[in-house]
Amino acid sequence: GYCETRGGSGMGPAAYSFSLDESLRKRLDRVPGLYRLCRAYCAGEIPRQKRMAQMNSTRVSPSQFGEIYQMTLDCARTLGIGVPDVYLLSDAALVNAWTYAFDDEAPVVFITSALVERFTRDELKFTIGHECGHIHCRHGVYSTAASILEMAGTLGAGLAALLSVSMRLALLSWIRAAEVTCDRAGMLCVGDAGPALTTLSKFMSGAIFGEGELSPEEAAGQLESVKETPVRLLELSYDHPIPARRILAAKAFAESEVFSRAHPERGAANPIDKERLDQLCAGYVRL
């Protein structure tokens with residue numbers, strides 16, 4: 001299906017994925033009934049989202065927003081997956097992108113118009129590569145369920161009512177680790193660390209129009225002050241690590257053997273091995 005290798009680099013998810021993503025997902029798999037429950041919600045929600053997209057959004061194709069289609073095609077080839085459907089949502093305020101998918105259903109990537117307007121081409125490609133990472137690593141069932149939990153209204157409330165507090169926290173803990181994996185996928189697709197760092201910095205500022213004066217280093221420095229107070233525990237309810245944590249993890253990946261093998265022209269002189277990379281990233285995302 002869409003998650004199988006289809007040419008391209010042929011790099012499997014295990015070659016770059018964050019080990020904490022893998023270990024936490026295995027724990028979720030061992031929770032009786034959790035996968036079946038999440039999948040049941042996805043089976044109803046993904047077709048509904050597709051129908052809504054057809055009604056209210058613009059589907060990217062070779063003849064319609066062809067540059068974005070080409071970016072998606074490039075990312076799919078790099079990771080070796082099928083080309084997902086991409087829809088542009090009209091939203092001038094929300095800077096976001098997300099993916100709905102599950103095992104035997106063609107995935108759908110949604111990108112808001114605000115993100116397209118405020119990101120550079122390389123930042124947009126990094127974002128698309130990140131979403132393709134969710135598909136490549138088969139995050140679909142659990143990540144879509146996590147997205148549903150974040151929704152307002154009866155759909156999110158309905159799923160939340162069926163999950164214990166500990167199950168919800170476990171699901172959110174996993175998706176935060178999975179986001180690190182997908183940032184790596186985005187960097188592999190764009191072939192450069194710079195767009196990843198500026199993209200994550202823009203998520204801290206609302207991606208205000210123009211280049212501004214974004215400093216990924218200064219943004220990452222804010223993490224130290226966060227760690228010093230109990231307010232950091234608010235992240236337990238987040239479905240993404242705060243951007244400062246992702247910036248540090250992305251900078252480490254840029255200096256890794258995995259990135260250097262894929263892009264030797266931009267790799268570090270003395271790259272770190274994957275085991276050390278994952279140890280560093282575990283420290284960055286630990287609450």
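Which helix does T144 lie in? Select residues 140–150 and you have it: T144 lies in helix α6. Keep in mind as you click around that this is a predicted model.

**Stop 1: T144.** Stay on this residue and check its surroundings. Its relative accessibility is 0%, so T144 counts as buried, the cut-off being under 20%. Leaving out residues up to four places away in sequence, show C42, I46, T99, Y100 and A101: T144 touches each of these. Now zoom in on A101, whose backbone oxygen lies 3.3 Å from a polar atom of the T144 side chain.

**Stop 2: the nonpolar core.** Next, pick Y16, I111 and M187. These are the residues with the most contacts inside the largest nonpolar core, a set of 73 residues. Then colour residues 165–190, which is helix α8; this helix gives the most to that core, with 12 residues. As background, nonpolar side chains tend to be buried together in soluble globular proteins.

**Stop 3: around I111.** Centre the view on I111 and ignore its neighbours within four places in sequence. What remains in contact with I111 is V86, Y87, L88, L89, N96, A97, V116, L124 and I128.

**Stop 4: helix α11.** Finish by selecting residues 243–254, the 12 residues of helix α11. Is α11 mostly covered or mostly uncovered? It's mostly covered, with 10 of its 12 residues buried.

Notes: Residues are numbered from 1 along each chain as its sequence is written. This is a predicted model: local features need pLDDT of at least 70, side-chain atom pairs count only at pLDDT 80 or more; totals for chains, interfaces and linings use all residues. Side-chain values use heavy atoms; hydrogens and water are left out. A nonpolar core is a set of buried Ala, Val, Leu, Ile, Met, Phe, Trp, Tyr and Cys residues joined through side-chain atoms within 4.5 Å. Buried means under 20% relative accessible area, exposed over 50%, partly exposed in between (1.4 Å probe, protein chains only). Helices (H or I, at least four residues) and strands (E, at least two) are DSSP runs, numbered from the N terminus. Contact means heavy atoms within 4.5 Å. A polar contact is a pair of N or O atoms within 3.5 Å; within protein, one must be able to donate a hydrogen and the other to accept it, and residues adjacent in sequence count only if both atoms are side-chain atoms. The expected span of a helix is 1.5 Å times one less than its number of residues.
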